[in-house]
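Work through the exercises below with the sequence and structure in view. Try each task before reading its solution.

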Amino acid sequence: MAKPTINVCLLGSKFMGRTHSNAYLKVAKFFDLPVNPVMHTVAGRNRAELDEFKERWGWHHASTDWKQAISDPAIGLVDVGTPNNVHAEHSIAALEAGKHVACEKPLAASLSDARQMRDAARKAKGKTFVWYVYRRCPAVALAHLFAKEGKLGRIYHVRAAYLQDWAGPDVPLIWRFQKGVSGSGSHGDLGAHIIDMARFITGDEITEVIGSVAETFIKERRIVESGSKGGIAGGASGGGAMGKSDVDDAVLFLARFSKGAIASFESTRLATGNQNRNEIEINGDKGAIRFNFEDMNYLEFYDATLPRRQQGWTKIMATHGGDHPYAANWWPDAHIIGYEHGFINELADMLAVIGGKAPVVPLPDFEDAYKTQQVLEAATISAEQRRPVRLEEIK
Ligand SMILES: NC(=O)c1ccc[n+]([C@@H]2O[C@H](COP(=O)([O-])OP(=O)(O)OC[C@H]3O[C@@H](n4cnc5c(N)ncnc54)[C@H](O)[C@@H]3O)[C@@H](O)[C@H]2O)c1
């Protein structure tokens, strides 16, 4: 009997449009899914670009009318890969049309947009998902399982940093530097990922942001003349005129978790020498973990229950099919995976959930991603008002 299928409508066709298209192409080849995706329609604004994208990636249709495209009765899943300020409009319209929605992170450019999305999801019949994709690195999923199994014991410290260095003064004023579009700079872009990872691995929630500092080092950038082709800045180039960058280039904050752990978070796009260093270390009374995306196949684990003379960091290559999350769907031991596989793993879990099965590890939905958005907001208020902010203030 033929497998059930679900038609997908993708919004956005640049960086995330490519990673998601690649995931739709590959997911059913590597995972045995209850529902297989069909690449039905890609929707966007530029007809020529969309037609080229459709041909390259194998979408059946391209549409410049996103509203009409998402409300097509044939569509079952709407994938929102557009900039942050339109996540709410796109996702809520899709939920109201009765579709499942997979939205890119951060959930929204503002807390009020995020709240409307969460509330729409509560009323909707469709399921919601957010592409917090680093949860789907096998090493990060393994860290989550270790914490859940008690291998870390009582957690004392969470130390997370997401460091990039691509955003020097020559990078023009792309949407990532425009608050009206992005909501924030490195904070919502990178900080959102490490907040989500810390919540996911510890299984605990942040209750207070104690202090936060936000800095915009490069206050003016050249206005974009020719647009991004995808990627982060994507080869966008600027003209002579300058415009204001009104987002943070870097944010640092301290926080407390409900079970007593204390935490530090740092996100920056100007950490010269660090191109995509998404790292987290968690120290508990029984053990500790360390992860750095630049070496993403490894989880480092320190077992403090061993005799002291045997204690030391173990570098676990999380590629063993029998033991490591998602690894059985890929290649033999130590035949390593990369960036794109997180998206494919996440898509496999979304399709499992749509088909009534459990994900390998928990998936963030709009309810869950709203909690990350509350932490982002608390850190922003803390930086602006130079005071501690309890999460219960952020409804
Ligand atoms: N999960 C991750 O690790 C990850 C990585 C990068 C980006 N993102 C997120 O993905 C989203 C998209 O980022 P990107 O890097 O792909 O950006 P991008 O600039 O490469 O692509 C954005 C796409 O959205 C389209 N678009 C822009 N404004 C639109 C509008 N008003 N209506 C319809 N379409 C519109 C553009 O034409 C383009 O196709 C953002 O929310 C970003 O934070 C997530």
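Axes are lines fitted to C-alpha atoms, for helices over the stretch in contact, and angles run from 0 to 180 degrees between N-to-C directions. Helices (H or I, at least four residues) and strands (E, at least two) are DSSP runs, numbered from the N terminus. The model is predicted: local features need pLDDT of at least 70, side-chain atom pairs count only at pLDDT 80 or more, and totals for chains, interfaces and linings use all residues. Residues are numbered from 1 along each chain as its sequence is written.

**Exercise 1.** Describe how helix H1 packs on helix H9.

Step 1. Find H1 at residues 15-30 and H9 at residues 339-354. Their axes lie 8 Å apart, at an angle of about 65°.

Step 2. List the contacts (C-beta atoms, placed from the backbone, within 7 Å). H1 residues including Thr 19, Ala 23 and Phe 30 meet H9 residues including Phe 343, Leu 347 and Leu 351.

**Exercise 2.** What covers the buried residues of H5?

Step 1. Buried means that 20 or more other C-beta atoms, placed from the backbone, lie within 10 Å of the residue's own. Among the buried residues of H5 are Leu 111, Met 117 and Arg 118.

Step 2. Their cover includes helix H4 (87-96), strand S6 (128-130) and helix H10 (366-385).

**Exercise 3.** Which helix gives the largest share of the shell around the ligand?

Solution. H1 does, with three residues.

How values were computed. Two residues are in contact if their C-beta atoms, placed from the backbone, lie within 7 Å. A residue is buried if 20 or more other C-beta atoms lie within 10 Å of its own, exposed if 12 or fewer, and partly exposed in between; C-beta atoms are placed from the backbone.
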